[in-house]
Amino acid sequence: MKFFLDTANLEEIRQAAALGVLDGVTTNPTLAAKEGKPFRELILEICDVVKNGVVNAEVVSVDTQGMLREARELASWHPNIVVKVPMTRDGIRALNVLHGEGIHVNVTLVFSPSQALLAAKAGAYFVSPFLGRLDDISEDGLGLLREIVEIYRNYQFSTQVLAASLRHPLHVVAAAKIGAHIATMPFKVFEQLFKHPLTDRGLEAFLKDWEKAREVLGEIVEPARPELVERAEARPARGTGR
Ligand code: E4P
C-alpha cells in the first residue's frame with residue numbers, strides 16, 4: 001500500500017519524507033489556500049521534497065475547456081504531477097481528453113460506486129473516494145471503498161483506488177485490509193500510525209534494565225576516541241589526492 005500525505009504544508013511533508021515511507025502528496029484548493037504562497041511555487045517545492053513521489057494538484061475550473069487548460073498547465077510543471085479533476089460531467093469529459101494525451105488524472109470527490117465506475121471507464125489514473133466525509137453524514141465510507149475495490153477487480157481496471165478523507169489510523173488499516181492501492185492521510189493521522197503505549201512502556205523498561213547492568217554489558221559501539229577522529233580528518237579522502 002502506498003502512503004500519501006494529505007497536506008500542502010512543506011514542513012509536514014519534509015518530516016514524513018525523512019522517514020522514507022512517503023510515496024506522494026495530495027493537495028486540494030483548501031489545503032493550498034492555507035499555505036499563503038503562489039500555487040506553482042508551492043507545488044514545485046512539494047515535488048522537490050517528495051523526490052520521485054507523486055504530487056496531486058487540483059484544477060479549479062468547473063467547465064471542460066477550463067479544466068483542460070489548467071490540467072495541461074499543471075502537468076507541464078513537473079513529470080510527477082497528477083492532475084485532480086472533480087467527479088462531474090465536465091470532469092469526466094476532460095478526463096477522456098487528458099487520458100488520450102497521456103496526462104495522469106485523479107478523479108476526486110467520489111462518493112458512490114457508480115461515480116467510481118465512470119471514472120475508471122474514462123481512464124482515471126487514481127480515483128479518490130472520500131471516506132471520512134461519508135462517515136460524517138452517517139454513511140458507510142469503508143463500505144464504499146469495499147464496493148469500488150470489488151468492481152475494479154471484477155473488470156481488472158488499472159485505475160488505482162486512493163482512499164481519501166481518512167480521519168484516524170483505523171481508517172488506514174481498514175483501507176489496507178480492503179485492498180486500496182493508496183491511503184492519503186493528514187499528518188496527524190500519519191503520526192498516529194506510529195503510536196502504541198506498549199511500545200513506549202516496553203522501550204522504557206528495556207533501557208532501564210540495560211542501564212542497571214551497564215557495567216557488565218559494556219557498550220555496543222565503543223565511544224569514538226577523539227585523537228583517532230582528528231587523525232582520520234587530517235587524512236586526504238581517497239581519490240581526491242591529486
Ligand atoms: C483528497 O485528495 C482530499 O484532499 C482529502 O482527502 C479531503 O479530506 P477531508 O475530508 O479531510 O477534507
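Which domains does the domain assignment of the protein chain give? The chain splits into domain 1 (2-192) and domain 2 (197-234), with bounds that come from an automatic or database domain assignment. Everything here rests on a predicted model, where local features need pLDDT of at least 70, side-chain atom pairs count only at pLDDT 80 or more, and totals for chains, interfaces and linings use all residues. Residues are numbered from 1 along each chain as its sequence is written.

Taken over C-alpha atoms, the centres of domain 1 and domain 2 sit 44 Å apart. Along the principal axes, the C-alpha atoms fill a box of roughly 70 × 50 × 35 Å.

As for secondary structure, the protein chain has 13 helices and eight strands; these are DSSP runs numbered from the N terminus, with helices being H or I of at least four residues and strands E of at least two. Helix α11 (residues 197-212) reaches 23 Å from its first C-alpha to its last, close to the 22 Å expected for its 16 residues, the expected span being 1.5 Å times one less than the number of residues.

Now for burial. A residue is buried if 20 or more other C-beta atoms, placed from the backbone, lie within 10 Å of its own, exposed if 12 or fewer, and partly exposed in between. Buried residues make up 32% of the 242 residues in the protein chain, yet helix α11 is hardly covered, with a buried count of zero. L142, in helix α8 (residues 141-155), is partly exposed because it has 19 C-beta neighbours inside 10 Å. Leaving out residues up to four places away in sequence, L142 touches L131, A174 and I178, where contact means C-beta atoms, placed from the backbone, within 7 Å.

Most residues other than glycine have a negative phi. L109, in strand β5 (residues 105-110), has a positive phi of about 60 degrees, and S165 has one of about 55 degrees. S165 belongs to the loop between β7 (160-163) and α9 (169-178), and counts as buried because 22 other C-beta atoms lie within 10 Å.

Terms used
Two residues are in contact if their C-beta atoms, placed from the backbone, lie within 7 Å.
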